[in-house]
Amino acid sequence: GNSVTQMEGPVTLSEEAFLTINCTYTATGYPSLFWYVQYPGEGLQLLLKATKADDKGSNKGFEATYRKETTSFHLEKGSVQVSDSAVYFCALRDGNNRLAFGKGNQVVVIP
Amino acid sequence: GAVVSQHPSWVICKSGTSVKIECRSLDFQATTMFWYRQFPKQSLMLMATSNEGSKATYEQGVEKDKFLINHASLTLSTLTVTSAHPEDSSFYICSASLRSYEQYFGPGTRLTVT
């Protein structure tokens, strides 16, 4: 079945540091890929998405590129802010519009 | 953007009782709603997919008689946890979408069964 794997553990970094969160997936067919963000006390929000190989999703300074050859969709941001502190989930969507999520990564940005 | 609400945001109930959670799409009509369960520091696990006016489709391992889902209108879906037990304590999240477009998530409901 479809699955998404995110790197283990929380991520703690200083303001203006470079952020990378790894995400790999296993899927049949050609899924769409997503990154969702969950701020404290709020619901999941779509951060960015890519619907086909080599697409790059971007939003709020975050980027991720759909790499079919490595089945990856790593999230990056060049200079994080304290306001980026949140939990980030990688997800894929199958042909029935069902989402499969990774375990999520808590990101803590220290001033 | 589209707004999805859940009510209540948290609920405590006694073991053996039933509790109902509502999910509403406030500014759009949702042809499909999804129910997820999230354990602490774990991912969201899809429980069921609900299409307006038809029976919900449950994921493997989810007891449909325990987690009753009703999607009576294009803006409202309900999840009823029947005969709740402490192991049902969790964070329940719904999402709503129009046809096969993006899913919009509610803020979640924290259920604690004592």
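## The A–B interface

Chain B brings 20 residues to the contact, and chain A brings 14. Bear in mind that this is a predicted model. Putting the two chains together buries about 1,300 Å², with carbon and sulfur atoms giving 51% of that area. On the chain B side, three residues stand out: B:Ser43, B:Glu102 and B:Phe105 supply 33% of the area that chain B buries against chain A, more than any other three residues.

B:Glu59 pairs up with A:Arg98 here, and their closest N and O atoms sit 2.8 Å apart.

What does the chain B side look like? Its residues split into 9 nonpolar, 8 polar and 3 charged. The elements of chain B that give two or more residues to this side are β4 (32-38), β5 (44-51) and β9 (90-97).

## A look at A:Ser72

Over in chain A, Ser72 sits in the loop between β8 (62-65) and β9 (75-77). Is A:Ser72 buried or exposed? A:Ser72 counts as buried because its relative accessible area is 4%, and the cut-off for buried is under 20%.

The side chain of A:Ser72 also makes a polar contact with the side chain of A:Thr70, at 2.7 Å. Leaving out residues up to four places away in sequence, A:Ser72 touches A:Cys23, A:Thr24, A:Tyr25 and A:Leu33, along with A:Thr65, A:Tyr66 and A:Arg67.

Terms used. Residues are numbered from 1 along each chain as its sequence is written. Chains are lettered from A and ligands numbered from 1 in the order in which they are written. This is a predicted model: local features need pLDDT of at least 70, side-chain atom pairs count only at pLDDT 80 or more; totals for chains, interfaces and linings use all residues. Side-chain values use heavy atoms; hydrogens and water are left out. Helices (H or I, at least four residues) and strands (E, at least two) are DSSP runs, numbered from the N terminus. Buried means under 20% relative accessible area, exposed over 50%, partly exposed in between (1.4 Å probe, protein chains only). A polar contact is a pair of N or O atoms within 3.5 Å; within protein, one must be able to donate a hydrogen and the other to accept it, and residues adjacent in sequence count only if both atoms are side-chain atoms. Contact means heavy atoms within 4.5 Å. Buried area is the accessible area (1.4 Å probe) that two parts lose on being put together, summed over both. A salt bridge is a side-chain nitrogen of Lys or Arg within 4 Å of a carboxyl oxygen of Asp or Glu. Ala, Val, Leu, Ile, Met, Phe, Trp, Tyr, Cys and Pro count as nonpolar, Asp, Glu, Lys and Arg as charged, and the others, Gly among them, as polar.
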